[in-house]
Amino acid sequence: MYNESFLRRAIEISATAITTPGTEPFGAVIVKDGQIVGEGINRSVMNHDPTSHGETEAIRDACRNLGTVDLRGCALYSSCEPCALCVAAMNIAGIAALYYAADMGQAGDAIADLPEAARFPVDVDLLTHECGHAVETRRMPAVQHLSADAAKILQDWATYARAKVT
């Protein structure tokens with residue numbers, strides 16, 4: 001069941017990317033029985049790991065905290081619509097529900113003109129075509145909320161990233 005406070009926490013985590021080098025503004029939390037059991041932010045640059053997305057980091061954290069790889073019955077709250085890689089990880093872990101804020105279009109708009117020095121380019125359309133469908137057509141139950149709040153964080157981070165490379 002959707003709980004706005006958990007989505008707000010995911011957005012709050014994403015906002016830390018504005019001042020944390022090596023991170024990007026994609027935050028996530030895993031919730032089980034009304035409690036946060038895992039959190040994550042995109043650390044791909046920091047970890048030199050292209051799979052270190054907010055959702056996968058939250059899954060890793062939840063699995064460590066719970067001592068299991070079975071996250072059935074858990075919900076994932078993400079500041080942004082997850083990519084196909086993250087949805088695959090959610091399905092493998094057994095995540096029961098997904099709630100997200102900004103959609104891929106809002107994220108793309110926020111970071112579209114970033115130079116490559118500020119962010120490794122990812123073609124989300126190609127990724128979706130090659131790996132899966134848009135989140136709303138996947139089997140994973142997904143509901144979008146608070147998109148403007150999360151899109152603002154994406155825009156603020158992109159502004160900060162632009163300023164660093166100019």
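**Before you start**

The model is predicted: local features need pLDDT of at least 70, side-chain atom pairs count only at pLDDT 80 or more, and totals for chains, interfaces and linings use all residues. Residues are numbered from 1 along each chain as its sequence is written, and side-chain values use heavy atoms, with hydrogens and water left out.

**Stop 1: the whole chain**

Show the cartoon. The chain has seven helices and five strands. Helices (H or I, at least four residues) and strands (E, at least two) are DSSP runs, numbered from the N terminus. Trace the elements from the N terminus: α-β-β-α-α-β-α-β-α-α-β-α.

Now colour by accessibility. Of the 166 residues, 46% count as buried. Buried means under 20% relative accessible area, exposed over 50%, and partly exposed in between (1.4 Å probe, protein chains only). Of the contacts with a separation of 6 or more, 62% are between residues 24 or more positions apart. Contact means heavy atoms within 4.5 Å.

**Stop 2: the aromatic cluster**

Select Tyr2, Phe6, Tyr77 and Tyr99; these residues form one aromatic cluster. Rings of Phe, Tyr and Trp (its six-membered ring) pair if their centres lie within 6.5 Å; planes under 30 degrees apart count as stacked, over 60 as edge-to-face and the rest as tilted. The whole structure holds four aromatic pairs. In one of them, Tyr2 and Tyr99 are tilted, at 5.4 Å centre to centre with 50° between the planes. This pair links distant parts of the chain, 97 residues apart: Tyr2 lies in the segment before helix H1 (4-15), and Tyr99 in strand E4 (residues 97-102). Tyr2 is partly exposed, with a relative accessible area of 25%. Tyr99 is buried, at 8%.

**Stop 3: helix H3 against H4**

Select H3 (residues 54-66) and H4 (residues 84-93). Their axes come within 8 Å and cross at roughly 20°. Axes are lines fitted to C-alpha atoms, for helices over the stretch in contact, and angles run from 0 to 180 degrees between N-to-C directions. H3 and H4 are therefore roughly parallel to each other. Angles under 35 degrees count as roughly parallel, over 145 as roughly antiparallel, 65 to 115 as roughly perpendicular and the rest as oblique.

H3 passes H4 in a left-handed crossing. A crossing is left-handed if the near helix is turned anticlockwise from the far one by less than a right angle, and right-handed if clockwise. Show side chains for Glu55, Thr56 and Ile59 of H3, then Leu85, Cys86, Ala89, Met90 and Ala93 of H4; these make the contact.

**Stop 4: two residues of H3**

Pick Glu55 in H3. Glu55 is buried, at 5% relative accessibility. Beyond residues up to four places away in sequence, Glu55 touches Ala28, Leu76, Ser78, Cys80, Pro82, Cys86 and Met90.

Move on to Arg64, also found in H3. Buried or exposed? Arg64 counts as exposed, at 57% relative accessibility.

**Stop 5: helix H5 against H7**

Select H5 (residues 104-111) and H7 (residues 147-165), which pack at about 25° with axes 8 Å apart. H5 and H7 are therefore roughly parallel to each other. Their crossing is right-handed. Show Gln106, Ala107, Ala110 and Ile111 in H5; they meet residues of H7 including Leu154, Trp157 and Arg162.
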